[in-house]
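Me: Could we go through this model together and ask what stands behind each label?

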Amino acid sequence: MGRGGIVWFTGLPSAGKTTLARALVARLAPVRPVELLDGDDVRRFLSSGLSFSREDRDTNIARIAFVARMLARHGVLAIVAAISPYAAARDEAKQHSAREGHPFLEIFVHAPLAVAIARDVKGLYRRALAGEIAQFTGVSDPYEPPAAPALELRTDRESVAACEARLVELLRDVDLLS
């Protein structure tokens, strides 16, 4: 069995987290056990009763991190795509992972707010800016960028393919991809 680990994509809504996570999963699935934990899916199936308060967002991140650690324990590379706006919650997830001996790679998927707004196919930013959605990350609720991510991907400047190549290189460097 191979070495498990966690690749945690964080960034503003519509920054490109899910797009990059899906590309990475498609690339790695033929060569190693990998599983995608997408924030929208987790909200629907594991955290449906939670609000978007800071406390509930932290609970959501703790649930995702728990599932990711369970996967990593069994040699799976858990790919997480979740806004995870608060640094403290991400740091706690990273600390739990380290205590269990699993690599935790925090990937900052960086797109400026204007770019994320322009990409928003769901219309959520438009609604948040109009005051129809409270506690929306990047508009009425803060996003705290990672201070020292394992990798920062500028999706406003780099193609999906270029970002994917950088991710694969990082995984090779930390011995998560042979």
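Reply: Happy to; here are some labels, each set against its cut-offs. This is a predicted model, where local features need pLDDT of at least 70, side-chain atom pairs count only at pLDDT 80 or more, and totals for chains, interfaces and linings use all residues. Residues are numbered from 1 along each chain as its sequence is written, and side-chain values use heavy atoms, with hydrogens and water left out.

Me: What makes α3 and α4 roughly parallel to each other?

Reply: Helix α3 (residues 54–73) and helix α4 (residues 87–99) pack at about 25°, with their axes 10 Å apart. Axes are lines fitted to C-alpha atoms, for helices over the stretch in contact, and angles run from 0 to 180 degrees between N-to-C directions. Angles under 35 degrees count as roughly parallel, over 145 as roughly antiparallel, 65 to 115 as roughly perpendicular and the rest as oblique. The two helices are therefore roughly parallel. As for the elements themselves, helices (H or I, at least four residues) and strands (E, at least two) are DSSP runs, numbered from the N terminus.

Me: Which residues make the contact between these helices?

Reply: From α3 come Asp58, Ile61, Ala65 and Arg69, and from α4 come Ala89, Ala93, His96 and Ser97, where contact means heavy atoms within 4.5 Å.

Me: Why is the pair Phe108 and Tyr143 called stacked?

Reply: A pair of aromatic rings is described by the distance of the centres and the angle of the planes. Rings of Phe, Tyr and Trp (its six-membered ring) pair if their centres lie within 6.5 Å; planes under 30 degrees apart count as stacked, over 60 as edge-to-face and the rest as tilted. For Phe108 and Tyr143 the centres are 6.0 Å apart and the planes are at 20°, so the pair is stacked. Phe108 belongs to strand β4 (residues 104–110) and Tyr143 to the loop between α6 (124–129) and β5 (151–154), so the pair ties together parts that are 35 residues apart in sequence.

Me: And what makes the pair of Tyr125 and Phe136 edge-to-face?

Reply: Here the rings are 5.0 Å centre to centre, with 80° between the planes, and that gives the edge-to-face label. Tyr125 is in helix α6 and Phe136 in the loop between α6 and β5, 11 residues apart. A search of the whole structure finds 3 aromatic pairs, these two among them.

Me: How do you know whether Pro85 is buried or exposed?

Reply: Buried means under 20% relative accessible area, exposed over 50%, and partly exposed in between (1.4 Å probe, protein chains only). Pro85 has 4% relative accessibility, so the residue counts as buried. Pro85 sits in the loop between β3 (77–81) and α4. Beyond its neighbours within four places in sequence, the contacts of Pro85 are Arg57, Arg90, Thr137, Pro142, Tyr143 and Glu144.

Me: What about Arg154: buried or exposed?

Reply: Arg154 has a relative accessible area of 17%, so this residue is buried. Arg154 is part of strand β5 and touches His110 and Pro112, not counting residues up to four places away in sequence.

Me: Which label do Ser84 and Gln135 get on that scale?

Reply: With a relative accessible area of 3%, Ser84 is buried, whereas Gln135, at 34%, is partly exposed. Neither is a glycine, yet phi is positive in Ser84, at about 40°, and in Gln135, near 55°. Ser84 lies in the loop between β3 and α4, and Gln135 in the loop between α6 and β5.
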